[in-house]
Amino acid sequence: MQRRGLLIILSSPSGAGKSTLAHRLMDWDPTLAFSVSATTRAPREGEVDGKDYRFMDDASFRALVNDGKMLEHAHVFGHFYGSPEEPVREAIEAG
């Protein structure tokens, strides 16, 4: 029997330490995977696509939402942010 993964959601306001906690958990248990959020805002200096965020244009983001492929999403300060379903599902199925 293959083990399915467990989804853990860290939710808090921006700047509260979600990423810091997630990285500490992954250091403690290297079998954990981190879901990278998507956004329509431009990358900030030093941010890497696919590591910090999945940077995409409005049309691509809206298409994922319309196709039901975002687990959650929000419009904040003029930009969209959300969690694409596919990488989360893949991680859960991989155990």
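Does Ser83 count as buried or exposed, and at what relative accessibility? What follows for this predicted model starts there: at 13% relative accessibility, Ser83 counts as buried, because the cut-off for that class is under 20%. Ser83 sits in strand 4, which spans residues 79-84. Setting aside residues up to four places away in sequence, Ser83 touches Ser37, Lys69, Met70, Leu71 and Glu72. One of these neighbours, Glu72, also stands opposite Ser83 in the strand pairing, and the side chains of the two residues make a polar contact at 2.7 Å.

The pairing around strand 4 involves two partners. With strand 3 (residues 70-76), strand 4 pairs in the antiparallel sense over six bridges. Strand 3 and strand 4 form a hairpin with two residues between the strands, and here Phe77 takes a positive phi near 50°. Strand 4 also pairs with strand 1 (residues 38-39), again in the antiparallel sense, this time over two bridges. In that pairing, Thr39 of strand 1 has Tyr81 of strand 4 as its bridge partner.

Next comes helix 3, covering residues 85-94, whose buried residues are Glu85, Val88 and Ile92. Seen down the helix axis, these buried residues fall within an arc of 75°, so they line one face of helix 3. Strand 3 and strand 4 are among the elements that cover the buried residues of helix 3. What does the face turned away from the buried side of helix 3 carry? Glu86 and Ala94, both exposed, are found there. Just after helix 3, Gly95 takes a positive phi of about 90°.

Leaving out residues up to four places away in sequence, Val65 touches Met70 and His73. Met70 is also among the residues that Ser83 touches. How far apart are the C-alpha atoms of Val65 and Asp49? These two residues are 16 residues apart along the chain, and their C-alpha atoms are separated by 20 Å.

Key. Residues are numbered from 1 along each chain as its sequence is written. This is a predicted model: local features need pLDDT of at least 70, side-chain atom pairs count only at pLDDT 80 or more; totals for chains, interfaces and linings use all residues. Side-chain values use heavy atoms; hydrogens and water are left out. Two strands pair if DSSP finds at least two bridges between them. Helices (H or I, at least four residues) and strands (E, at least two) are DSSP runs, numbered from the N terminus. Buried means under 20% relative accessible area, exposed over 50%, partly exposed in between (1.4 Å probe, protein chains only). The arc is that of the directions from the helix axis to the C-beta atoms. Contact means heavy atoms within 4.5 Å. A polar contact is a pair of N or O atoms within 3.5 Å; within protein, one must be able to donate a hydrogen and the other to accept it, and residues adjacent in sequence count only if both atoms are side-chain atoms.
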